[in-house]
Amino acid sequence: GNHSSSNLSDPHSHQHSHPTLHRVLAPLHVYSTTMRVSNTISLIAMMSMASTASAWVVPSQNQLHRQQPAARSTTRLQMAIDYNDPLVAEEFNKVQPLTFEEVEEELQETGIRAPPTMNEMEVKLMLVEVRMRAQGKLDGGGETKKKRPASFDSKFEEAMWTKPAFEELYEKLKAKDDHNSMNVVTEYMNDPVTARKRYSKTYRGLLRSIDSALTAVNGPTIQFTGFPANMGEAGLKMTLEAVGAIADIDCEVDDTFPVLKGTVTFEDTESAKKAVEQYNGMDMGMGTNLELISV
């Protein structure tokens, strides 16, 4: 079907052009082509599965043709994935811009043919599940696995896996069904420059909370980058030992810039916190600021 969407400059803004659409889509005020709000996916899934002739979907001629009975065998997945899971939301964000034909073609390449009675949204949700199963992100029952991936598809996903304080912040927002704030968090992680321009006034407190969560120290190990390369490992160790005893340090010169990067493990978490407080964000005259984050 053809879905209309608007570019939202703030999560509070929304427009509807038809009374019927207004009644059905009123809860989806943060729905956009980026589809970054995980609960939006849940609502869309339930609405689309409730009827293949949903009131807010205007079938195209192609879909009307596909809804005619067809004598062919089909394979339909049981779409039991958790639409509230941020990993599912991230994958749906990638599938959403695809055309119906592109989605159908990708499914066919995996040996799956979408039933003719499924509408466009259902087929896209099917592709989300197929992709996540192929990536090993779903178990046999359709539940999202809590297994750290070898690489991350976005800054948001990386933060959810590597920053416990950030994950806790996001989960609290989700528990309160604060869709707008969840959308801001996701956008801020994936495009911080644009997000700051859009939300620096209306969501200033939330942006500060995100920054605090990202720099929160959860243990004695710190990942760093930005110290001048001419310090060498010995000079860097001497500098960091000023805030606390070091158990281990590993560093190397960055391939693209003459700065040191690596990790340092202090003998206690308190020393790691002091190092972050003292050095994170400091301008060392190398064109970039020091970056120290807990790992």
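Is D153 buried, partly exposed or exposed? Select D153 to begin: at 41% relative accessibility, D153 counts as partly exposed (buried means under 20% relative accessible area, exposed over 50%, and partly exposed in between, with a 1.4 Å probe and protein chains only).

The model is predicted; local features need pLDDT of at least 70, side-chain atom pairs count only at pLDDT 80 or more, and totals for chains, interfaces and linings use all residues. Residues are numbered from 1 along each chain as its sequence is written, and side-chain values use heavy atoms, with hydrogens and water left out.

**First stop: K94 and D153**

K94 and D153 form a salt bridge whose closest N and O atoms are 3.0 Å apart (a salt bridge is a side-chain nitrogen of Lys or Arg within 4 Å of a carboxyl oxygen of Asp or Glu). This pair links distant parts of the chain, 59 residues apart: K94 belongs to helix 4 (residues 86-95), and D153 to the loop between helix 6 (120-134) and helix 7 (155-162). Helices (H or I, at least four residues) and strands (E, at least two) are DSSP runs, numbered from the N terminus. K94 is partly exposed, with a relative accessible area of 33%. The count of salt bridges comes to nine.

Select E106 and R131 next. Their side chains meet in a salt bridge of 2.8 Å, N to O. E106 lies in helix 5 (residues 100-109) and R131 in helix 6, so the pair ties together parts that are 25 residues apart in sequence. E106 counts as partly exposed, at 21% relative accessibility.

Four of them form an open sheet in the order 2-3-1-4, with antiparallel pairing; two strands pair if DSSP finds at least two bridges between them. Strand 2 (246-253) and strand 4 (291-294) are the edge strands, each pairing on one side only. From one strand to the next, the twist averages 15 degrees (axes are lines fitted to C-alpha atoms, for helices over the stretch in contact, and angles run from 0 to 180 degrees between N-to-C directions).

Select strand 2 together with strand 3 (residues 259-266), which pair in the antiparallel sense over seven bridges. Within this pairing, C251 stands opposite G262 in strand 3.

**Last stop: D254 and K261**

Finally, select D254 and K261, which form a salt bridge with the closest N and O atoms 3.9 Å apart. D254 counts as buried at 18% relative accessibility, whereas K261 is partly exposed, with a relative accessible area of 26%.
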